[in-house]
Amino acid sequence: ANRRAGVGRSAELRKVENALAEAAVAAEVAVKRREALEDAVAEEAELKKAVEERARAVEMDLPKIVEHLGRLEEEKKAYEGAIERFSREHARLVAEYRELAVKSRDMGVDHWIDVKVGKENPVIRGALLKTGKIVRPMFREIERAVMMNEKLSDDMAIRVQQYTTLLADSPFYSGVLFYFILLFPLVLVVFAIYSINAHASHLTISHYLLLGNMYFAVLSLLACVMSLISGTDVLAVFRHRNEFAFDTFVIFLAVGLVFHCFCHLLSSFVSGSIRQIAQFVGLVGLCWHAYMFSWRRAMVDEMPMLDSKAYFLYTVVFSLSILERLVYLVDNHYAVADSSEHLPNKAA
């Protein structure tokens, strides 16, 4: 019994010891937790203090930061304005470069005109410069056509070379081929001109004057109608929309009018008719009016100063010339017919 009692007490003692050990471990864990909590609280306090100090520092530096941001915004706007200004300057310089590149190709002719004519005759200077602007592209196109024709000749020579070796070894045959290709379209053009000349050989100077008067009358009538519809000078609108085409039209029209006046002068001198002399004087006055208010101003880069009334006057003058020329041609036709009828009777 005592042994069992001692065993029981030993078991209870072990239980007590185990409980005490667990309590000690729990106490140690609690102490560590408390220490960790204290450390966390202290660290949180330190962080809070650091955040508060940083917030106070930021709050103190905030005006400086706002001022710095304002300066950065101003610098950004200044840089954007500079970029836009430089972009416009770059576009202007590129356009100026292209314009100078176009002008420099024919600078010799323009310089020669400036030296020989100068500022004393702005009308002649403008006419020469504008004529050069019109003629030079034509010569460039002719040069381009010749180069294309030469390229075509070389290409055909290469293609024909596979069939014959004469073209590769003899410049004579290659030259013959080149001139054949070059002259073939030229022969066609010359033949067409010869055919037109053969059909028009029976026409007299009066017929050409009639056709010229009809052309100028129709042109003046169209200009009058278009000026009335638009409410302004049609030539000014034409120049505003396409200055190069306007200059080309004005120059060729001036050449046509000068040739027309010359033909009128010849006809008046040969016939000696008072009516034809009066027509020639009226035509010269009309051309002088057109020169002063249209052609001369166009040569010095100014807007023409014509209106529908001037175009109507031009239409009336050319229409009267048409009527008189028709009467002259009809009378001349009947006079020739009568003379041809009298000749056989005299021969008989």
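Modeller: Gladly! From the N terminus on, the elements run α-α-α-α-α-α-α-α-α-α, and the chain has 10 helices and 0 strands. Please keep in mind that this is a predicted model.

Biologist: What share of the residues is buried?

Modeller: Buried residues account for 22% of the 348 residues in the chain. As for contacts between residues at least 6 apart in sequence, 72% of them join residues at least 24 apart.

Biologist: Let's turn to the pair formed by helix 7 and helix 8. Why are helix 7 and helix 8 called oblique to each other?

Modeller: Their axes cross at roughly 130° and come within 5 Å. Roughly perpendicular covers 65 to 115 degrees and roughly antiparallel begins over 145, with the rest counted as oblique. Helix 7 and helix 8 are therefore oblique to each other. The contact involves Leu235, Phe238, Arg239 and Arg241 on helix 7, and Glu243, Ala245, Phe246 and Phe249 on helix 8.

Biologist: Which residues of helix 7 are buried?

Modeller: In helix 7, which spans residues 234-241, the buried residues are Val234, Leu235, Ala236 and Arg239. Leu235 and Arg239 also belong to the contact with helix 8.

Biologist: And what makes Asp233 a cap for helix 7?

Modeller: A side-chain oxygen of Asp233 lies 3.2 Å from the backbone nitrogen of Leu235, at the N-terminal end of the helix. The cut-off for a polar contact is 3.5 Å, so 3.2 Å qualifies.

Biologist: On to helix 8. How do you know that His260 is buried?

Modeller: His260 is found in helix 8 and has a relative accessible area of 5%. Buried means under 20%, so His260 is buried. Leaving aside neighbours within four places in sequence, His260 is in contact with Leu209, Gly212, Asn213, Phe216 and Leu283.

Biologist: Now the charged pairs. How many salt bridges does the structure hold?

Modeller: The structure holds 9 salt bridges.

Biologist: Why is the pair Glu28 and Lys32 called a salt bridge?

Modeller: The side chains meet at 3.6 Å, N to O. The limit is 4 Å, so the pair counts as a salt bridge. Glu28 and Lys32 both lie in helix 1 (residues 2-104), 4 residues apart, about one turn of the helix.

Biologist: Which salt bridge does Arg71 form?

Modeller: Arg71 meets Glu67 at 3.4 Å, N to O, and the two are about one helical turn apart, being separated by 4 residues in helix 1. Also in helix 1, 4 residues apart, are Arg88 and Glu84, whose side chains meet in a salt bridge at 3.2 Å, N to O.

Biologist: What makes Glu28, Arg71 and Glu84 partly exposed?

Modeller: Partly exposed lies between the 20% limit for buried and the 50% limit for exposed. Glu28 has a relative accessible area of 44%, Arg71 is at 40% and Glu84 is at 48%. These values fall between the two limits, so each of these residues counts as partly exposed.

Methods
Residues are numbered from 1 along each chain as its sequence is written. This is a predicted model: local features need pLDDT of at least 70, side-chain atom pairs count only at pLDDT 80 or more; totals for chains, interfaces and linings use all residues. Side-chain values use heavy atoms; hydrogens and water are left out. Buried means under 20% relative accessible area, exposed over 50%, partly exposed in between (1.4 Å probe, protein chains only). A polar contact is a pair of N or O atoms within 3.5 Å; within protein, one must be able to donate a hydrogen and the other to accept it, and residues adjacent in sequence count only if both atoms are side-chain atoms. Axes are lines fitted to C-alpha atoms, for helices over the stretch in contact, and angles run from 0 to 180 degrees between N-to-C directions. Angles under 35 degrees count as roughly parallel, over 145 as roughly antiparallel, 65 to 115 as roughly perpendicular and the rest as oblique. Contact means heavy atoms within 4.5 Å.
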